[in-house]
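Hello,

Here is the structure I promised to pass on. Please open it alongside this note; my findings follow below.

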Amino acid sequence: MKKLSALASILGVVMLFVAIAGCKPSDGLQPVEGTVTLDGQPLESGSINIGPMVGQPGTAVGGKIVNGVYQVRASKGEMAVTIRAQKSVPIENPTEDEIAHNVTERVVELIPERYNQRSELKITVNEGKNTFNFDLESDSKE
């Protein structure tokens with residue numbers, strides 16, 4: 001009976017180690033985190049996309065930015081970064097079509113093109129934890 005109990009205990013410990021090892025992501029992606037500010041203020045909400053440079057291997061990933069903070073898992077290597085955030089603004093001079101369809105707001109991009117459509121942002125993701133903070137500036141500060 002003691003041998004059976006000891007065997008059950010050993011088997012339980014082995015299964016625990018297997019379960020813990022199985023929980024570790026094996027996708028080759030590395031943790032990437034950081035902050036995003038726009039004109040010195042944390043970006044309230046938005047999205048970040050990280051993907052391999054043209055012609056390079058890797059997986060493109062995306063995540064949410066909440067209160068200026070993001071966390072994603074990305075491939076190792078040199079990566080291009082795009083950051084976006086939108087807000088709805090009232091339409092000042094609506095067209096007849098907008099009036100007919102009761103369209104009163106338009107969605108506008110808050111982040112300049114140099115950080116998304118024509119992104120100048122690049123990072124190099126290494127093995128292990130990576131931290132990259134992005135301090136973005138508007139095209140024209142009003």
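**Threonine 37**

Threonine 37 counts as buried because its relative accessibility is 14% (buried means under 20% relative accessible area, exposed over 50%, partly exposed in between, with a 1.4 Å probe and protein chains only). This is a predicted model, where local features need pLDDT of at least 70, side-chain atom pairs count only at pLDDT 80 or more, and totals for chains, interfaces and linings use all residues. Residues are numbered from 1 along each chain as its sequence is written, and side-chain values use heavy atoms, with hydrogens and water left out.

Threonine 37 sits in strand β1 (helices, H or I of at least four residues, and strands, E of at least two, are DSSP runs numbered from the N terminus). Its side chain makes a polar contact with the side chain of aspartate 135, at 2.9 Å. A polar contact is a pair of N or O atoms within 3.5 Å; within protein, one must be able to donate a hydrogen and the other to accept it, and residues adjacent in sequence count only if both atoms are side-chain atoms.

**The core**

The largest nonpolar core has 24 residues (buried Ala, Val, Leu, Ile, Met, Phe, Trp, Tyr and Cys joined through side-chain atoms within 4.5 Å). Ile48, Ile50, Tyr70, Ile83, Phe134 and Leu136 touch the most other members. Strands β1, β3, β4, β5, β6, β9 and β11 each supply at least two residues of this core.

The whole structure holds one aromatic pair. The rings of tyrosine 70 and phenylalanine 134 have centres 6.2 Å apart and planes at 40 degrees, so the pair is tilted (Phe, Tyr and Trp rings, the six-membered one for Trp, pair with centres within 6.5 Å; planes under 30 degrees apart are stacked, over 60 edge-to-face, the rest tilted). Tyrosine 70 is in β5 and phenylalanine 134 in β11, 64 residues apart. Both are buried.

**Strand β9**

Leu121, Ile123 and Val125 point to one face of β9 and are buried. β9 pairs with β6 in the antiparallel sense over five bridges (strands pair if DSSP finds at least two bridges between them). Lysine 122 is the bridge partner of alanine 80.

**Lysine 76**

Lysine 76 lies in the loop between β5 and β6. At 45% relative accessibility, lysine 76 counts as partly exposed. Its side chain makes a polar contact with the side chain of glutamate 127, at 3.0 Å.

Best wishes
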